[in-house]
Amino acid sequence: QLTDIKTKDTLVCGVLDIFEPFGYTDMATRKVSGYDVDVCNGIGKRLGVKVDIKPVADAARIPELQQGHMDILAAGLAYTPQRAAQIDYSDSYYTSNNILAVKASRGYSKTEDLADKRVSFVKGTISEPFIREKLPSAKPVGYDDISTAFTVLVQGKVEAFSTSEEATQKLISRLGADASKYAVLNPPIGHEFWSIGVKKGEPALLDSVNQALRDMENSGEMQTIFDKWLGEGTLYKMKRSFTVQPVNSKNS
């Protein structure tokens, strides 16, 4: 597959296009932009080929990669043993921290303070098992969508809200002047390690992707991409707490 990519001088990279800021359609340019797009472009640059960004639906990510409709997949692809049985994973290039957000006025300072408390989350997400593992005595309360799960925290119906750090920071930032009324507890209660997906049986391509990711880390390009999309100058106001690392050692 690596030979084919270099022969056609194009790397087809699958990304989500409704997953801001990682992959979304920029209405001004009508092109898919985002964190994952920049990672794809960085890999393509190091392979010495053009990059063709191909939008893919969340549920179709792995089947489309397996069927050869794209060369690699950069689409919020969190590592799980079940997925690793279907496709190969590169080193992780992004770590999504699952956190707890609270009202600052409540005085909570650490995760343990929420023992026996009501914690909202979005049904069907990884937040629930993280809550049950780290706070076994808490009372998880599931909602169908993220807006409702966060609104019940604002209304005081729960003591905490759990989801990814990037999603939480975006919701808090949208409160404007009221954003200072909310705090995020540390450390995170869980982590998702995102990697580039590669079709099984393509060790040369996988190795080249890993080499590209490590070079992007060592050159500072990964930090630049993070700062551009999630850093202090964005509405997310996040700090990068991770580096490119082998994924299996963290999750096996």
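Q: A helix here is a DSSP run of H or I, at least four residues long, and helices are numbered from the N terminus. In which helix is N210 found?
A: The model is a predicted one. The helix that spans residues 203-219 contains N210, and that helix is α8.

Q: Is N210 buried or exposed?
A: A residue counts as buried when its relative accessible area is under 20%, and as exposed when that area is over 50%. N210 has a relative accessible area of 10%, so N210 is buried.

Q: Which residues is N210 in contact with, leaving aside its neighbours within four places in sequence?
A: N210 lies in helix α8. With the neighbours within four places in sequence left aside, the contacts of N210 are S90 and D91.

Q: What distance separates the C-alpha atoms of N210 and I196?
A: These two residues are 14 residues apart along the chain. Between the C-alpha atoms of N210 and I196 the separation is 8.8 Å.

Q: Which residue in β11 does L73 stand opposite?
A: Strand β6 (residues 72-73) and strand β11 (residues 182-198) run antiparallel and are joined by two bridges. In β11, the residue opposite L73 is G197.

Q: Which strands are the edge strands of the three-strand sheet?
A: Three strands form this open sheet in the order β2-β3-β4, with antiparallel pairing. Each edge strand pairs on one side only, and the two are β2 (18-19) and β4 (31-33).

Q: Which residue in β3 stands opposite I18?
A: β2 and strand β3 (residues 23-26) run antiparallel, with two bridges joining them. The residue of β3 opposite I18 is Y24.

Q: Is E159 buried or exposed?
A: E159 has its place in the loop between α6 (146-154) and β10. The limit for a buried residue is a relative accessible area under 20%. E159 has 15%, so E159 is buried.

Q: With which side chain does that of E159 make a polar contact of 2.6 Å?
A: Leaving aside its neighbours within four places in sequence, E159 is in contact with residues including A101, V102, R106, Y108 and L153. The polar contact of 2.6 Å joins the side chain of E159 to that of Y108.

Q: What radius of gyration does the protein chain have?
A: The protein chain has ten helices and eleven strands. Its C-alpha atoms fill a box of roughly 60 × 40 × 30 Å along the principal axes. For 252 residues a compact globule would have a radius of gyration near 18 Å, and the chain agrees with this at 19 Å.

Q: What percentage of the residues of the protein chain count as buried?
A: The protein chain exposes about 11800 Å², of which carbon and sulfur atoms supply 49%. Of its 252 residues, the share that counts as buried is 49%.

Technical notes: Residues are numbered from 1 along each chain as its sequence is written. This is a predicted model: local features need pLDDT of at least 70, side-chain atom pairs count only at pLDDT 80 or more; totals for chains, interfaces and linings use all residues. Side-chain values use heavy atoms; hydrogens and water are left out. Two strands pair if DSSP finds at least two bridges between them. Buried means under 20% relative accessible area, exposed over 50%, partly exposed in between (1.4 Å probe, protein chains only). A polar contact is a pair of N or O atoms within 3.5 Å; within protein, one must be able to donate a hydrogen and the other to accept it, and residues adjacent in sequence count only if both atoms are side-chain atoms. Contact means heavy atoms within 4.5 Å. The radius of gyration is taken over C-alpha atoms; the globule rule is 2.2 Å times the number of residues to the power 0.38. Accessible areas come from the Shrake-Rupley method with a 1.4 Å probe; for residues, only the protein chains shown count as cover.
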